[in-house]
Amino acid sequence: MKSTPLSLIAGVVALAAVTGFAALTVPGDDGGTEAKAAARLPVERSSLLCPAPSTSDLAETTYTSFTPAAKDGPKDGTAELKAAEALPADEDEPADGKTGDADDKADADDKKKTDADDKEKAADSKPVISLKDLGKPVTAETSKSGAPALVGTATDRFAPGWTTQQTTTAAAGGARGLLGVSCTAPDTDFWFPGASTGASRQDYVHLTNPDDTAAVADIELYGAEGPLKSDVGEGITVPARSSVPLLISTLTGEAAENVTVHVTTRSGRVGAVVSAAEDEVGSDWLAASADPAGTQILPGIPADATSVRLVAFAPGEDDADVKVQLLGKNGTFSPAGNDTLHIKSQMTASVDLKNVTRGEPGSLRLTPTDGSRTPVVAALRVVRGTGAKQEVAFIPATGPVGERATVADNRAKGSVLSLTAPGKTAKVKVTASAGSGGGEAAVKTYTVKGGTTLEVTPEAPAGLKGGYALTVETESGGPVHAARTLTIPEGGIDMFTVQTLQDDGGTVEVPEAEQDLSVLDD
């Protein structure tokens, strides 16, 4: 009788746990039998990339890292974020005619420079932030101008659901604002509707490479009339374990108020996110939209939003016609005069929804009007306040929380959780973790009625010290989409940032063998 070595089975399980995909065919007497239905196992490795936070001397950045508690699983593991490496400097060539004492002095200077470089590299090799326990966040802070991007990996017990939040407060200057971003996993394809090359905006796309070999990326820009001409957006090299920020307006000679940025890689993978700064309005990070789809959900519009702009893009060959609906506190309705939006293929469409929420929290749903389900991507530019006290944030289309999703860096005051059920009524469990400096986790269950948005102020952990994480788990009913708004008053302005929550991918499907896979004697 034929047998399958156990090492093969172990290899497939490990591959699935690390990469999220594996396939196994078990040979039998009939030449082969496909595996049974897949089981779900915790991932064994996760990667996160945080962009360089700010070049401002007035900025203060907090990193908060967290992995949800688990009942069982591996006992070992690490979760660390380190500074991305700087580009290697060219070696200096010796000057002509250098002899005797001059050579000795040059050698001494070179040695000092080498020693300094070695010390700097040693400092950069130390983790900026490192997790020690499950279910308890760890924080780190920096006010260093030009702080680097971070590259990190979590293994074994820390890998499932690992998340890190980067929050920067810039009290003044052109980049004034509260800039928040959930550090991203590396990928090969990103869409950013809602960027701009206009004169009032300074938008950068940050590309961070986590791997030991260079990545090569392409950046395409699309305005209201179609592709924006660019001679420098192709073949951008991102060196190994390094980060490259690119001012989007320098990639084209065309100024456009609403732009969709498309980042792809020819080789390797990167983390990508856009920093957007708008004159007299503020700044924040614009995270990537959910992948192109016929229906998109944009959760977490604050009740007191004074201006909401929808930006959408149809990347395929067909135009898209979508129904625009607000999922409010008590039901679903279409904004007056803006119940539909026509999106031409390869052109960025936008519509000003003004103060669409009218004092109540809400979420936006885009659905096809003609049944064609032409895929689209979308994002919202949201402004709170008026005049000199305006502040801006961005909400990209996002997938459901699924089995579990987490957002870190919640404070004793200023955190609001938005939950929306675009289909059936759903029940979710929300866990507020222990604080980074102490406290006991708190758990509460919420029911979200179908077609509505529920805004809640999370129950903070008892005895809270420091920041905490919020974990949302779907218990029953239809899909739930979620976003967290963090508000920090600064200089008379309610600075705010919004982070959406998506399924953390903490488990992967691993095939179960249909027959006995133990080693058998022939």
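Cys 50 and Cys 183 are joined by a disulfide, with 2.0 Å from S to S; the term stands for a pair of cysteine sulfur atoms within 2.5 Å. A search of the whole structure turns up one disulfide. The link between Cys 50 and Cys 183 is right-handed, with 105 degrees about the S-S bond.

Before I go on, this is a predicted model, where local features need pLDDT of at least 70, side-chain atom pairs count only at pLDDT 80 or more, and totals for chains, interfaces and linings use all residues. Residues are numbered from 1 along each chain as its sequence is written, and side-chain values use heavy atoms, leaving out hydrogens and water.

Cys 50 lies in strand E4, and Cys 183 in the loop between strand E11 (177-182) and strand E12 (189-195), so the pair links distant parts of the chain, 133 residues apart. Strands here are DSSP runs of E, at least two residues, numbered from the N terminus. Are these cysteines buried or exposed? Cys 50 is buried, at a relative accessible area of 0%, and Cys 183 is buried at 7%. Buried means under 20% relative accessible area, exposed over 50%, and partly exposed in between, with a 1.4 Å probe and protein chains only.

Next, the sheet. Strand E4 belongs to an open sheet of four strands, in the order E4-E9-E6-E7, with antiparallel pairing. Two strands pair if DSSP finds at least two bridges between them. Strands E4 (45-50) and E7 (129-130) stand at the edges with a single partner strand each, so one side of each has no neighbour in the sheet. Strand E6 (residues 79-83) and E7 run antiparallel and are joined by two bridges. Glu 80 stands opposite Ser 130 in E7.

Now the rings. Rings of Phe, Tyr and Trp (its six-membered ring) pair if their centres lie within 6.5 Å; planes under 30 degrees apart count as stacked, over 60 as edge-to-face and the rest as tilted. The count comes to three aromatic pairs. Phe 190 and Phe 192 are stacked, because their centres are 6.3 Å apart and their planes at 10 degrees. Both of these residues are buried. Trp 191 and Phe 313 form a tilted pair, 5.5 Å centre to centre with 35 degrees between the planes. Trp 191 is in strand E12 and Phe 313 in strand E22 (residues 305-313), so this pair ties together parts 122 residues apart in sequence. Trp 191 and Phe 313 are buried, and together with Tyr 222 they form one aromatic cluster.
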